[in-house]
Structure formats: structure tokens, C-alpha cells
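Subject: Structure for you, with notes

Hi,

Here is the structure I promised to pass on. Please open it and keep it beside you while you read. My notes follow below.

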Amino acid sequence: MKFKALTAIAALVVAPGLALAQADDDNLVINGEIEAVTKTAAPAHMEDTGVDTIMSGWHFRSDETQALQMDDFDNPGMIFVDLGIEQWNKVEGEAGNSCASCHEGPESMEGVRAVYPKWNEDAGEVRTLAHQINACRTENMEAEPYKYTGGQMANMEALISSKSRGMPVNVAIDGPVAEVWERGKELYYTRTGQLELSCANCHEDNYGNMIRADHLSQGQINGFPTYRLKNAKLNTSHARFKGCVRDTRAETFTPGGPEFIALELYVASRGNGLSVEGPSVRN
């Protein structure tokens, strides 16, 4: 049975005769003014991967889907940015604070998304943007944390990400984060589940190939959170990680847990040099 499953998935990915969906050469300009870098040279740490150019998932979408992301009036993800603004200004918790109490307007978040996950010196740990949001809620607002992959968290991530659109992803991989980054790299290349697939099998070895009714991108996360037409909602990176692991027919890790934190750090670093796009639009 195991051999049959592996044979089946291999046929889906690399069988002769399946159409290719190679990245196009279109340019992403948001609202006619934010020019996004969607193709660039791979970071130095990817030298041995065989990937010379990194590409945003935007390039693997249809013209119609691409167009949705190019105008905020058409981008369905911007609805959740508006909800995030409401959350930003809402006073919650025993301390009687809102996000605005400490940070004033959301514009103060410019550049923040581009460097997460990152090392937090005071906490002595690698924190994702979601972890930092919840730390602010529990420590500074004395409010309940958001569910890690819940709608309110996705809204807030979308709001913060939108203030960094067009800025290059620049996630640190050395110093105190190095050990976690190495753990994430190991997870990226580890085969899991009944289908014995790793992240790399799809997003490094077979990007541009069709699988089932869709095609594979490089799995970059510079566009997260992303509005998926498939489920008509905003999706966070850890929710997508969970879905990918599940698709290998493996027991998945916990969103917000150490495994996915490490994986997010490594995958984010594979996109160093691409522009922040969130909230993006994908299939």
C-alpha cells in the first residue's frame, strides 16, 4: 500500500504529459504606486539547493487572480485589514489599553513584518509576528491572547503586513536564531507522512509542475497572511503549514509550537529579498 501511495503522488507531480505552469514575467505594482520585487537572486544560504532565482507565488497565479492583488479595492484581503484597524483601536484588558495606546497609528508598524520571525532579547526566544502580537496583548493590555491561527490574529497580521508592502524581507538567520533556523531547515527537508514528502519535494524540486488541479509554487510566505479563493478567507502561514503536513498524511505540528516557529523562520529566510505582499491573493 505504501508503494502504491508513493507511486500515485509521484505520478501526480512529475508524470509526462502534465502541463507546466512556469512563473510568468508580469510585474506586481499595487495601487499603481507600490512596486514589489517578486523575482530576485536566491539568498546566499540557498547556494546548494539548485534554486538560483526566488519567486513570489503571485507569479504562478492566473492573470485574473494576479489582478485582484494589484488594487486594494479589488483585493478581498483588504476587508480584513479594515477589521484589523478596528481591533487596533479597541481598548481591551485590565490595563485599559489598545494597540494605539502604545503605538499610535498602524503606520508605526512600517517595516515590522519584513523582519519577522526574529529574536526577542528580553524573552530569550525567537518570536513570530503572531507571538509578538499576543505578547503585547497579555503583557501590555492584560487582555486575552488571540487564537494563534484565528480570524482576529489574521486580521492584525494583515494590518501590520500591509504597512510593509514593497519592503524587502530581511529575516536574520545568524546569531541567537541560528539554532532554530537549522532546526527549521531540517524540518523543510524531512519527509513525513504516509506519502513520505517533504516541503522541498514540492516547493523546491517540482515548483511549476501541476499537482491535481493546481500547480506548485516555491512556497514563499512573503505574501502571508493570504486570502485564498479556495476557502474564501484570510489564511495565516501556520494554518497553511498545518494543511501541507496534513496533505502528506502525517500528524501535524501545533500552530505556534516550536516546530512551526522553526519552519517559519527557515521558510521566511528563503524569501529574503522578495517584497512583503500581505495580504496577498492566492488560489
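Predicted model: local features only at pLDDT ≥ 70, side-chain atom pairs only at ≥ 80, totals over all residues.

A residue counts as buried when its relative accessible area is under 20%, as exposed when it is over 50%, and as partly exposed in between.

**Salt bridges**

Side chains of opposite charge can pair when their charged atoms come close. How many salt bridges does the count come to? The answer is nine.

Take R127 and E139, one of the pairs. Their closest N and O atoms are 3.8 Å apart. R127 sits in strand β6 (residues 125-127), while E139 belongs to helix α5, so the pair links distant parts of the chain, twelve residues apart. Are the two partners buried or exposed? R127 has a relative accessible area of 10%, so it is buried. E139 is at 51%, and therefore counts as exposed. The pair is also part of a network: E125, R127 and E139 are linked by salt bridges.

Next, look at R270 and E204. Their side chains meet in a salt bridge of 2.9 Å, N to O.

R282 has 12% relative accessibility, so it counts as buried. E277 is at 0%, so it is buried as well.

**More on E277**

Where is E277 found? It is in the loop between α10 and β11. E277 is then in contact with L28, T38, S56, W58, Q69, R165, N222, G223 and R282.

**A buried charge without a salt bridge**

Now go to D24. It is found in the loop between α1 (2-14) and β1 (29-30). D24 is buried, yet it has no salt bridge. Which side chain of opposite charge is nearest to D24? It is K39, at 5.8 Å. A salt bridge needs the nitrogen and the oxygen within 4 Å.

What does D24 reach instead? Its side chain reaches the backbone nitrogen of D26 at 3.2 Å. It also joins the side chain of Q66 in a polar contact of 2.8 Å. Beyond its neighbours within four places in sequence, D24 is in contact with K39, H59, R61, D63 and Q66.

Find helix α5 (residues 129-141) and helix α6 (residues 151-162). Their axes come within 10 Å and cross at roughly 105°. That makes α5 roughly perpendicular to α6. Which residues meet there? On the α5 side they are L129, A130, I133 and N134. On the α6 side they are M153, M156, E157 and I160.

E35 is in strand β2 (residues 34-35). It has 64% relative accessibility, so it counts as exposed. E35 and S275 are 240 residues apart in sequence, and 8.7 Å apart in space, C-alpha to C-alpha. E35 touches L28, V29, G166 and S275, not counting residues up to four places away in sequence.

**Backbone details**

Two cis peptide bonds to look up:

- F224 and P225 are joined by a cis peptide bond, with omega about 0°. P225 is in the loop between β8 (214-215) and β9 (226-228).
- G278 and P279 are joined by a cis peptide bond, again with omega about 0°. P279 is in the loop between α10 and β11.

Two residues with positive phi follow:

- N31 has phi near 55°, a positive value in a residue other than glycine. N31 is in the loop between β1 and β2. Its relative accessible area is 31%, so N31 is partly exposed.
- E196 has a positive phi of about 50°, although it is not a glycine. E196 is in the loop between α7 (178-189) and α8. Its relative accessible area is 26%, so E196 is partly exposed.

Best wishes

Key. Residues numbered from 1 in each chain as written. Heavy atoms only, no water. Helix = DSSP H or I, 4+ residues; strand = E, 2+ residues; numbered from the N terminus. Buried < 20%, exposed > 50% of the residue type's maximum accessible area, 1.4 Å probe, protein only. Lys, Arg positive; Asp, Glu negative; His and termini not counted. Polar contact = N/O pair within 3.5 Å; in protein donor to acceptor, adjacent residues only side chain to side chain. Contact = heavy atoms within 4.5 Å. Axes fitted to C-alpha atoms, helices over the stretch in contact; angles between N-to-C directions. Parallel < 35°, antiparallel > 145°, perpendicular 65-115°, else oblique.
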